[in-house]
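Hello,

Please have the sequence and the model open while you read.

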Amino acid sequence: MSAFFTLHRDLPREGPGEAADVAWATALAKTPSNAAIADLACGPGADIAALLAAAPEGHVTGIDKQQHFVDAVNARFGDDPRVTAKQGDMAQPDGQFDLIWCAGALYILGLQKGLRGWRKSLCPGGAIAFSQPCYFTSNPSEAAVAFWGGDEVLGQPALATQIGLAGYALLGTRRLSGAAWEAYYQPQDARIDQLWPDADDALRHVLTEAREEAKQWRAVWAETGYLLCVVRPI
């Protein structure tokens with residue numbers, strides 16, 4: 001097992017988020033109770049319970065490129081017929097969905113490319129909810145810029161413009177809370193403390209980077225983070 005998965009195995013989340021984010025997004029999107037939902041880059045399935053709460057008569061298909069995370073979803077939800085987990089490419093989800101949910105991964109595809117590619121996978125009236133790196137100030141500090149490691153990050157006005165250019169209407173936005181971020185970082189911090197005494201050099205490198213990332217975010221949270229966006233094709 002790689003050093004990365006030694007750290008991340010069995011963590012409850014692979015990115016910031018909380019059930020309240022899912023509840024807000026599904027309410028805004030008017031997701032029906034029998035919705036077909038795709039959870040793209042689902043990780044270990046941290047948001048699936050909240051998605052099922054929003055659509056108790058529906059079905060959630062979790063897709064992730066890592067079989068490790070697919071196995072984790074199956075271990076957690078394998079007895080629930082409302083959940084299917086499979087290994088696959090989030091850029092090309094199979095099926096038609098009332099809601100596509102993507103927590104913190106759309107930027108990997110590229111905002112416009114991802115939204116345009118997913119359009120064909122939406123049912124009529126369907127919506128997409130995704131969290132995207134965002135600056136909350138027009139003049140982010142060097143530390144806030146450095147947090148994203150060179151990735152292109154937009155402010156809220158520019159992000160709204162890009163969504164429109166992709167052919168979508170922006171229904172609303174919600175900034176992920178500090179609690180949502182700590183739901184990711186605090187279990188990871190505990191795992192780092194657990195692994196550190198017996199870690200080899202490769203693992204200590206991964207642990208150090210993860211600890212530094214959390215420290216950096218806690219220093220710049222007022223300037224940057226994830227913006228949860230709900231959009232619908234025009």
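**Pockets, cavity and helix contacts**

Six nonpolar, four polar and two charged residues make up the lining of the second largest pocket. (Nonpolar means Ala, Val, Leu, Ile, Met, Phe, Trp, Tyr, Cys or Pro; charged means Asp, Glu, Lys or Arg; the others, Gly among them, are polar.) This is a predicted model, in which local features need pLDDT of at least 70 and side-chain atom pairs count only at pLDDT 80 or more, while totals for chains, interfaces and linings use all residues. Residues are numbered from 1 along each chain as its sequence is written, and side-chain values use heavy atoms, with hydrogens and water left out.

The residues lining the second largest pocket are Tyr107, Gly110, Leu111, Gln112, Gln132, Pro133, Asp151, Glu152, Val153, Leu154, Leu159 and Gln162. Two or more of the lining residues come from each of helix H6 (111-118), strand S5 (122-135) and helix H8 (156-165). (Helices, H or I with at least four residues, and strands, E with at least two, are DSSP runs numbered from the N terminus.) The volume of the second largest pocket is about 220 Å³. (On a 1 Å grid over the protein atoms alone, a pocket is an open set of points with protein on both sides within 12 Å along at least five of seven lines, a cavity is a set where a 1.4 Å probe fits but cannot get out, and lining residues have an atom within 4 Å of a point; points are joined across faces, edges and corners, and volume is the space filled by probe spheres set on them.)

The largest pocket has a volume of about 1,200 Å³. Its lining has 42 residues, with Glu14, Gly104, Tyr107, Ile108 and Tyr184 nearest the centre. Helices H1 (3-8), H5 (106-109), H7 (142-147), H9 (178-195) and H10 (201-220) each give two or more residues to that lining. The largest share, five residues, is from H10. By class, the lining of the largest pocket holds 23 nonpolar, nine polar and 10 charged residues.

There is one cavity of 30 Å³ or more. The largest cavity holds about 40 Å³ of space. Its lining consists of Arg13, Pro16, Gly17, Glu18, Asp21, Asp47, Trp101, Ala103, Ser131, Leu176 and Leu228, that is, five nonpolar, two polar and four charged residues.

H6 and H8, which both line the second largest pocket, pack with their axes 9 Å apart at an angle of about 35 degrees. (Axes are lines fitted to C-alpha atoms over the stretch in contact, and angles run from 0 to 180 degrees between N-to-C directions.) On the H6 side the contact (heavy atoms within 4.5 Å) is made by Leu111, Gln112, Leu115 and Arg116, and on the H8 side by Leu159, Gln162, Ile163 and Leu165. These contact residues divide into five nonpolar, two polar and one charged.

The axes of H9 and H10 come within 10 Å and cross at roughly 150 degrees. H9 is therefore roughly antiparallel to H10 (angles over 145 degrees count as such). Among the H9 residues that meet H10 are Trp181, Tyr184, Tyr185 and Ile192, and the H10 residues include Leu203, Leu207, Ala210 and Trp217. The H9 contact with H10 has 10 nonpolar, three polar and six charged residues.

Regards

Conventions. Parallel < 35°, antiparallel > 145°, perpendicular 65-115°, else oblique.
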